Amino acid sequence: MSRLGPADVACWVLKSTRPPELIEPGWRVGTARELTRCVRRSYRLDLVRPGRPCLLWVSGRTAAGVHALGEVTGEAEERDGGPVVTVRLTRLPAPVARADLLADPAARDAEVLRIPAGSNPSWLSPQQYAAVLAHLPPHPDAALGPWPT
C-alpha cells in the first residue's frame, strides 16, 4: 500500500519501548489515562481524528504487544519537541501478545508486526483491529462491560 486513506485505518497504533507503568506511574489495570504521545510528521497525521480507536503497542523482547486500548482525543498538534497527539487509553490486565497476533492470519501482516521499528503512528486495518479485539483478555470488572472499542 503506497498511501493510506481514511477507510484503510480502523485503529491507530502508538508505539513505546516503555510499559504502561513506566509511561504513567500508578496507572492501574482497567483504568484510563489521557496521554500525549509523540508522532512523526507525515500525511498520516491528517487522518488522525478525535474519536478514532487507538492502542498502545509496547515493543521489545519482553511483553511485546498491545498494552492499552482507547481513542484519540485531540487533533495532532505541534509542540516544542515536534508533533504530538492526545489519546485516552485504558490499561489491559495482560497484553495481547505479539506472538498471538503473529499466529493470527488476520493480524500477521499488520504494519507494527512487519516493521516494528517504524515510526508513530502505525495503523491497523479493519480485519487486523478485529483480530486484536478478539484476543483481548476479559475485562477485570465484568460489570463495566467489554473493553472500549
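**Reading salt bridges, cores and backbone in a predicted model**

Colleague: With which residue does Arg-49 form a salt bridge, and how far apart are the closest N and O atoms?

Modeller: Side chains of opposite charge can pair when their charged atoms come close. Arg-49 forms its salt bridge (a side-chain nitrogen of Lys or Arg within 4 Å of a carboxyl oxygen of Asp or Glu) with Glu-75, and the closest N and O atoms are 2.8 Å apart. Arg-49 lies in the loop between β2 and β3 and Glu-75 in the loop between β4 and β5, so the pair ties together parts 26 residues apart in sequence. Strands are DSSP runs of E with at least two residues, helices are runs of H or I with at least four, and both are numbered from the N terminus.

Colleague: What kind of model is this, and how are residues numbered?

Modeller: It is a predicted model, in which local features need pLDDT of at least 70 and side-chain atom pairs count only at pLDDT 80 or more, while totals for chains, interfaces and linings use all residues. Residues are numbered from 1 along each chain as its sequence is written, and side-chain values use heavy atoms, with hydrogens and water left out.

Colleague: How many salt bridges does a search of the whole structure find?

Modeller: The search finds 6. One of them joins the side chains of Glu-78 and Arg-41, at 2.7 Å from N to O. Glu-78 is in strand β5 (residues 77-79) and Arg-41 in the loop between β2 (32-38) and β3, so this pair ties together parts 37 residues apart in sequence. Arg-41 is exposed, with a relative accessible area of 55%.

Colleague: Where are Arg-44 and Glu-111 in the chain?

Modeller: Arg-44 and Glu-111 form a salt bridge, with the closest N and O atoms 2.8 Å apart. Arg-44 is in the loop between β2 and β3 and Glu-111 in helix α3 (residues 111-114), so distant parts of the chain, 67 residues apart, are linked. Arg-44 counts as buried at 15% relative accessibility, as does Glu-111 at 13%.

Colleague: Which residues touch the most other members of the largest nonpolar core?

Modeller: In soluble globular proteins, nonpolar side chains tend to be buried together. A nonpolar core is a set of buried Ala, Val, Leu, Ile, Met, Phe, Trp, Tyr and Cys residues joined through side-chain atoms within 4.5 Å. The largest has 20 residues, of which Trp-12, Leu-56, Val-72, Val-85, Val-87 and Leu-89 touch the most other members. β1 (11-16), β3 (53-58), β4 (65-72) and β6 (82-97) each give two or more residues to this core. A second, separate core has 19 residues, including Trp-57, Leu-92, Val-112 and Leu-113.

Colleague: What does Val-85 contact, leaving aside neighbours within four places in sequence?

Modeller: Contact means heavy atoms within 4.5 Å. The partners of Val-85 include Leu-14, Leu-35, Val-39, Val-48 and Val-72.

Colleague: Where is the cis peptide bond?

Modeller: The cis peptide bond joins Asn-120 and Pro-121, with omega about -5°. Pro-121 is in the loop between α3 and β7 (122-124).

Colleague: What is the phi of Ala-63?

Modeller: Ala-63 has a positive phi of about 60°, although it is not a glycine. Ala-63 lies in the loop between β3 and β4 and is partly exposed at 46%.

Definitions and conventions
Buried means under 20% relative accessible area, exposed over 50%, partly exposed in between (1.4 Å probe, protein chains only).
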